[in-house]
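Keep the structure open beside them while you read.

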Amino acid sequence: MAEVLVLVDHVDGAVRKPTLELLTLARRIGDPVAVHLGPGAETAAPVLAEHGAVRVLTADAPEFTDYLVVPKVDALQAAAAATSPVAVLVASSAEGKEVAARLALRLGSGIITDATDLVAGDDGPVATQSVFAAAFTTKSRVSHGVPVITVKPNSAPVEPAAAAGTVEPLAVTFGELATGTKVVSRTPRQSTGRPELTEAAIVVSGGRGVNGAENFSVIEELADSLGAAVGASRAAVDAGWYPHTNQVGQTGKSVSPQLYIANGISGAIQHRAGMQTSKTIVAVNKDAEAPIFDLVDYGVVGDLFQVVPQLTEEIKARKG
Amino acid sequence: MSLRIVVAVKYVPDATGDRHFADDLTTDRDAVDGLLSELDEYAVEQALQIAEASGDAEITVLTVGPEDAKDALRKALSMGAHKAIHVEDDALHGTDVIGTSLVLAKAVEHAGYDLVVTGMASTDGTAGVVPALLAERLGIPQVTLLSEVAVADGKVTGRRDGDAASEQLEASLPALVSVTDQSGEARYPSFKGIMAAKKKPVESLDLSDLGIDAAEVGLGGAWTAVQDATARPPRTAGTIVKDEGEGGKQLAAYLAEQKFI
């Protein structure tokens, strides 16, 4: 069966969930071959095998951590030359999309970004995308070269599917541009202990109505009662109440959880673009005319400082 | 020699309008008014700040698009860019990101550059890959998604705030940078700036001026094909309750019924 390259997104060998979702999608098209770059391959390989990787190509060099994007492009290009894949799948992270873009040009391939689903088709894989702030759904395919496709988190289930996962070293020759973008320093973010925003099953967000950084504790407490990630609208982020990394919307993260709870968020197009594809949408807002209520499955018109703490208490009580 | 900055911008349908697809599954540009992509205003702003800090820089703003796309150039010129290049050709209709990056690369080379500045993504296509494609075409480093950027001593430095870490990045010129909406509010054009923009040069180029074969671009030259586009069905009307003191409990009951608790 034809092979499908999957670039592994990991932290020192700890495989991130979107990569396991890519393996699920890759199996619909062919045999997944995982490409693991940087340290930790011995930790990652068994996990990748368990989720369907028939082979795991590995390369480790300081370039992968000390420089952005191009070293990984050089490696994926080498992997493509070594395998003749029918598709290359990359997670839609910031660096993932850039790696995919440069790779596509080198392979003479078309590129599709931010796919939300992927199926086999007569003329190669068919990707679903959500466009114009999720007002439309499109189906597209790459019509030239080996399809290079980036896939958004939460686009497929993680499914165990044991395969050989044979570890093989990948020979990579770095080009001149590999050391072009130097990482001078890296300051890791403090972990909040909450799930990743784009990967979470439940997202609880706060907006203008939260009215101050100190009040975000109300949102966080609700999130913690549900084991949810915390999001924020652009208004809340621009006001400096919550970090930009938590922003949901056109210029922030695009999320598609099972449940999205919007608190004090009016629902402007900028925000809707990032959450409209959530399965179930719930909102609390004191303005009955807020456009967010056009999207909801259940809405409460009321003061979030009354409704949300009561909700949190009730959830805790019900969970015992 | 002065620092040559090229800012690549896009003229997009207003995101607050009712955007649609045309019959050939390309973006319908007639149904909704266009404007300079909001995210590209940040690119123009950072280019202006870099130019101001250097004291000796020239900013060329570049766009590829239909006749109306000149509006986007005028806006950037009124903010303070020095001159503009408009690439327009009927054969460009339906061009994908691969083709767009080809046209931009040829036009950037035509302009001459030390630094290319872009926004983080367009507000219509939103792919966010054109900066990387353009850097690959030009054979230069990319320093992208910056919330802070500075140029000094032949180097560009910047801060990239990622999910896992905040990174301080560095590359030698020539290089491409893209900036996010966290890089700083874009200035409003002054009246003086608007008047001055009317006299600034806008060079119009077509594909033959750039030595590009029409077969490499447009719908026919695209390396991706949209097979269909369907409007998302409207969400079915939900239950809305007014909080009379039990709103939180009612919401909890709904979440329990839906098995979220």
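1. Let's begin with domains. Chain A is assigned domain 1 (3–179) and domain 2 (202–319); such bounds come from an automatic or database domain assignment. The C-alpha centres of these two domains of chain A lie 32 Å apart. Five residues of domain 1 of chain A are in contact with eight residues of domain 2 of chain A, where contact means that the C-beta atoms, placed from the backbone, lie within 7 Å. On the domain 1 side of chain A, the touching residues are two nonpolar, two polar and one charged. In this scheme Ala, Val, Leu, Ile, Met, Phe, Trp, Tyr, Cys and Pro count as nonpolar, Asp, Glu, Lys and Arg as charged, and the others, Gly among them, as polar.

2. A word on ground rules. Residues are numbered from 1 along each chain as its sequence is written, and chains are lettered from A and ligands numbered from 1 in the order in which they are written. This is a predicted model, in which local features need pLDDT of at least 70, side-chain atom pairs count only at pLDDT 80 or more, and totals for chains, interfaces and linings use all residues.

3. Next, chain A as a whole. Its secondary structure comes to nine helices and 18 strands; helices (H or I, at least four residues) and strands (E, at least two) are DSSP runs, numbered from the N terminus. The radius of gyration of chain A is 21 Å, close to the 20 Å that the globule rule gives for 320 residues, so chain A is as compact as a globular protein of that length. That radius is taken over C-alpha atoms, and the rule is 2.2 Å times the number of residues to the power 0.38. The C-alpha trace of chain A spans about 60 × 45 × 40 Å along its principal axes. Of the 320 residues of chain A, 59% count as buried. Buried means 20 or more other C-beta atoms within 10 Å of a residue's own, exposed means 12 or fewer, and partly exposed is in between, with C-beta atoms placed from the backbone.

4. Chain B has seven helices and 13 strands. Its C-alpha atoms fill a box of roughly 70 × 45 × 40 Å along the principal axes, and 51% of its 261 residues count as buried. The UniProt record, an unreviewed entry, places "domain: Electron transfer flavoprotein alpha/beta-subunit N-terminal" on residues 24–214 of chain B; such annotations are given in the numbering used here, with shortened feature names, and may be inferred rather than shown by experiment. That span of chain B is 30% helix and 29% strand, and its end C-alpha atoms lie 18 Å apart.

5. Which residues touch the most other members of the largest nonpolar core? Of its 138 residues, they are Val6(A), Val35(A), Leu89(A), Val7(B), Val44(B), Val61(B) and Ala76(B). Helix α3 (residues 97–111) of chain B gives the largest share, nine residues. A second, separate core of 49 residues includes Tyr242(A), Tyr260(A), Ala262(A) and Ala290(A). A nonpolar core here is a set of buried Ala, Val, Leu, Ile, Met, Phe, Trp, Tyr and Cys residues joined through C-beta atoms within 7 Å.

6. The interface between the chains takes 63 residues from chain B and 70 residues from chain A. The chain B side divides into 29 nonpolar, 19 polar and 15 charged. Ala252(B) is buried, with 23 other C-beta atoms within 10 Å. Leaving out residues up to four places away in sequence, Ala252(B) touches Leu311(A), Glu314(A), Ile315(A), Arg318(A) and Ile261(B).

7. Finally, some backbone spots to check. Most residues other than glycine have a negative phi, and most peptide bonds are trans. Val69(A) has a positive phi, near 65°, and is buried, with 27 C-beta neighbours inside 10 Å. Ser84(A) also has a positive phi, near 50°, but is exposed, with 10 other C-beta atoms within 10 Å. A cis peptide bond, with omega about 0°, joins Leu173(B) and Pro174(B); Pro174(B) is in the loop between β9 and β10 (175–179) of chain B.

How values were computed
Contact = placed C-beta atoms within 7 Å.
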